Structure formats: C-alpha cells, structure tokens
Amino acid sequence: MNALTDSRISALQQQAGEKGVLNYTIGDGCFRINLLDDNIALWQETFAKNSSAANLLLACDKNSGDLSTTKLTWVVGSAIRSSTAGNTGEAATLLSQLGVGDELARAAAEHCPGLGEDLIWAFYLERHGWLIATPVGQVQP
C-alpha cells in the first residue's frame, strides 16, 4: 500500500484487504475509512500544499471565515481547510460542530487511531451523508 508506515494504519489496511475500505454501519448512516493508495496520495498532496501544523484536513463548504461558520461537505467543489485538535474528543466535537451527526463523529473517534493526536486525518461527507475518513500521515514534530 502507500507510504504510511504507522503500525496502526497498517493494521487497518490489513483489515480492509484488497478492497481498501472499511465500512461501519452507524445507526442509519455509514462511517467509512478509505485506505486506497490513490486516495491517500491525493490527501497527502493536498496536505503538503498546506503550510500549517494541522492534524485534520476538512472538506468544507466555505473557504474563508471562522471554521465554526462552515459545514463539512463532499470533496467536489469544496474548500479544503485544515485544523488542529488536541485529542480525540476535540476532533469528534469539531466534526459535530461541522454538521456531522454525533454518532458518526463518535465512530470517527473510535475507529481512527491517532485522531486528534499524532496522525493526520482527512474528512468529508459523502453526498448521501456518509462520513469518510482517510489517514494522511504522521504529524511532524
């Protein structure tokens, strides 16, 4: 797979197998972790263009203004914004504030190792409301 060498991500990739995705049914919705090489590479390229020391990439409906005034959306036509969460709980709270249902935000906190900590994660809402996450890499000290 991709250049992500973190053992936690490797474990997720092994779980996903050849299909490269992990799907979790959450209430009436779905939380998906996309571990496909092309998708990871795309988010890594996007993050490399970002000069901040963030640990989150978020596909938002607004490119400017306070992050709290925007909502998470699908990638096509979105504004990719970065943010930093100090821990898993902060990351889940931010996702909720961006319009993600509480159950899906908690699923991200549960299934994304290093979220809000030492791994960078990218998030967007699929057009049907599914929350999609992709690991991007390790936070650089």
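Analyst: The six strands form an open sheet in the order E1-E2-E6-E5-E3-E4, with mixed pairing. Strands here are DSSP runs of E with at least two residues, helices are runs of H or I with at least four, and both are numbered from the N terminus. This is a predicted model, in which local features need pLDDT of at least 70 and side-chain atom pairs count only at pLDDT 80 or more, while totals for chains, interfaces and linings use all residues. Residues are numbered from 1 along each chain as its sequence is written, and side-chain values use heavy atoms, with hydrogens and water left out.

User: What makes E1 and E4 the edge strands?

Analyst: Strand E1 (21–26) and E4 each pair on one side only. Two strands pair if DSSP finds at least two bridges between them.

User: How do you know that E3 and E4 pair?

Analyst: Five bridges link strand E3 (residues 56–60) to E4, in the antiparallel sense. The definition asks for at least two bridges, therefore they count as paired. Within this pair, leucine 58 is opposite arginine 81 in E4. E6 and strand E5 (residues 119–125) are also antiparallel, joined by seven bridges, and there alanine 122 stands opposite threonine 134 in E6.

User: Why is alanine 133 called buried?

Analyst: Alanine 133 has a relative accessible area of 0%. That is under 20%, so alanine 133 is buried. This residue is in strand E6 (residues 131–138). Leaving aside neighbours within four places in sequence, its contacts include Phe31, Trp121 and Cys112; contact means heavy atoms within 4.5 Å.

User: Is asparagine 39 buried or exposed, and why?

Analyst: Asparagine 39 has a relative accessible area of 14%, so it is buried by the under 20% rule. Asparagine 39 is in helix H2 (residues 37–48) and touches Asn34 and Thr134, not counting residues up to four places away in sequence.

User: Why does glutamate 110 count as exposed?

Analyst: Glutamate 110 has 62% relative accessibility, which is over 50%, so the label is exposed. Glutamate 110 belongs to helix H4.

User: Why are H3 and H4 called roughly antiparallel?

Analyst: The axes of helix H3 (residues 88–97) and helix H4 (residues 102–111) come within 9 Å and cross at roughly 150°. Axes are lines fitted to C-alpha atoms, for helices over the stretch in contact, and angles run from 0 to 180 degrees between N-to-C directions. Angles over 145 degrees count as roughly antiparallel, under 35 as roughly parallel, 65 to 115 as roughly perpendicular and the rest as oblique. H3 and H4 are therefore roughly antiparallel.

User: Which residues meet where H3 and H4 touch?

Analyst: Thr88, Ala92, Leu95 and Ser96 in H3 meet Asp102, Ala105, Ala108 and Ala109 in H4.

Methods: Buried < 20%, exposed > 50% of the residue type's maximum accessible area, 1.4 Å probe, protein only.
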